Amino acid sequence: MKYYSFFLLTFLVCFLLNTGIQAQTAPAYQQEIESWHTKRIQNLKAANGWLNLVGLYWLDEGENSFGTGLNNKVVFPDGTLPEEAGIFERSGTTVKLTVLNNTAIKVNDKPVTEAVIFDKDSVRAPVISYGSLRWTIIRRDDKIGIRLRDLESPQATNFKDIDRYAVDTTWRIPATLQVEGVPRSIAIKNILGQTNQQKTPGKLVFSIHNKQYALDALEEGDELFIIFADETSGKTTYPSGRFLSVKKPSGDGVTIIDFNKAYNPPCAFTNYATCPLPPRQNHLPLAVTAGEKKYGHH
């Protein structure tokens, strides 16, 4: 009886939500998606966006010389730095920067000759700069590397737009978050081949054409984060799947999945990102003809 009452309540809530969706004027919804897309493009082109990445260098234990000279362990793009600019010294999870030849390198906008730029307690890695270059330290399990940006990168300055499917309100779907009694984790693999267990608040359950589907969700601040693939993956959309952000449900457990806001992972735009891949259970056996299409050849 309790199960029947829960099912009936969920059905009624979803029906009312769906009625509200259909009542929403097409121009208003179109404008909502266009505004979201405009912000999406701005974020991609921003100084901390994904379009200006020009390098990713994993550090060995010990000294890692860097500059544009080919004899360095870390070779920056030609013409961006002196041939011998400095040394990154890795000791476990600590990275120390030593500047050579009076190269005008700054850490958080302050000139330095040496500085510790990463350790095991680092909450936010400092930004190191030289000219139009900006770089930070990133850590992926036991790998520690340099993520390099060029604020004058042609890919960022020449970027125009991302091809998308036409906006379609039928892909704005009510969903119920099914929370299990015991918190659980799911395995998320990235393109480096590393696998991490990440906590999930539950599954988002929804229906398309009277057939039920589910996607495991991850928590991301005030939202739920979805990594999914579908029958368009590798055809009209990015081969490794797409991402979605969904508002956390209110007390009734119901929220909205809007596939019109499905977007490409960073790896669609650059070779220098370390993107997570959709878990097997998040491969939908249908074509989600909504959201962003594939971009470029990454």
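**Disulfide search.** I began with the cysteines of this predicted model. My search of the whole structure turned up one disulfide. Its partners are Cys267 and Cys275, with sulfur atoms 2.3 Å apart. I then looked up the torsion about the S-S bond. It is 115 degrees, so I logged the link of Cys267 and Cys275 as right-handed. Are the two cysteines buried or exposed? Cys267 has a relative accessible area of 7%, so it is buried. Cys275 is buried as well, at 3%.

**Overall counts.** I counted three helices and 19 strands. The C-alpha atoms fill a box of roughly 75 × 45 × 30 Å along the principal axes. Of the 298 residues, 44% are buried. I also checked the contacts with a separation of 6 or more. Residues 24 or more positions apart account for 58% of them.

**Helix 2.** I moved to helix 2, residues 26–45. It has 20 residues. From first C-alpha to last it reaches 29 Å, close to the 28 Å expected at 1.5 Å a residue. Which residues of helix 2 are buried? I listed Tyr29, Ile33, His37, Arg40, Ile41 and Leu44. They cover an arc of only 115 degrees around the axis, so they sit on the same side of helix 2. I then turned to the face pointing away from that buried side. There I found the exposed residues Pro27, Lys39 and Gln42. What covers the buried residues of helix 2? The cover includes strand 12 (172–178) and strand 19 (254–258).

**Strand 15 and its partners.** Strand 12 and strand 15 run antiparallel and share four bridges. In that pairing Ala175 stands opposite Phe206 of strand 15. Strand 15 is mostly covered, with five of its seven residues buried. I followed strand 15 to its other listed partner. Strand 15 and strand 16 are antiparallel too, over seven bridges. Ser207 has Gln212 of strand 16 as its bridge partner.

**The hairpin turn.** How many residues lie between the strands in the hairpin of strand 15 and strand 16? There are two. I checked the backbone in this hairpin. His209 takes a positive phi near 50 degrees. Most residues other than glycine have a negative phi. Asn210 is in the loop between strand 15 (202–208) and strand 16 (211–220). Its relative accessibility is 82%, so I put Asn210 down as exposed.

**Another positive phi.** I looked up Asn102 next. Its phi is about 55 degrees, positive although Asn102 is not a glycine. Where does Asn102 sit? I placed Asn102 in the loop between strand 5 (94–99) and strand 6 (106–107). Asn102 has 80% relative accessibility, so it counts as exposed.

Which are the edge strands? I went through the pairing at the strand 1 edge. Strand 1 joins strand 11 (residues 143–150) through five bridges, and the two run antiparallel. Tyr57 stands opposite Ile146 of strand 11.

**Ser132.** My last stop was a loop by two strands of this sheet. Ser132 lies in the loop between strand 9 (128–130) and strand 10 (133–140). I set aside its neighbours within four places in sequence and listed what remained. Ser132 is in contact with Arg149, Asp150, Leu151 and Glu152. The side chains of Ser132 and Asp150 make a polar contact of 2.7 Å. Ser132 and Leu151 are 19 residues apart in sequence. In space, C-alpha to C-alpha, Ser132 and Leu151 are 5.3 Å apart.

Notes: Residues numbered from 1 in each chain as written. Predicted model: local features only at pLDDT ≥ 70, side-chain atom pairs only at ≥ 80, totals over all residues. Heavy atoms only, no water. Buried < 20%, exposed > 50% of the residue type's maximum accessible area, 1.4 Å probe, protein only. Contact = heavy atoms within 4.5 Å. Polar contact = N/O pair within 3.5 Å; in protein donor to acceptor, adjacent residues only side chain to side chain. Expected span 1.5 Å × (residues − 1). Arc of directions from axis to C-beta. Disulfide = S-S within 2.5 Å. Pairing = 2+ DSSP bridges.
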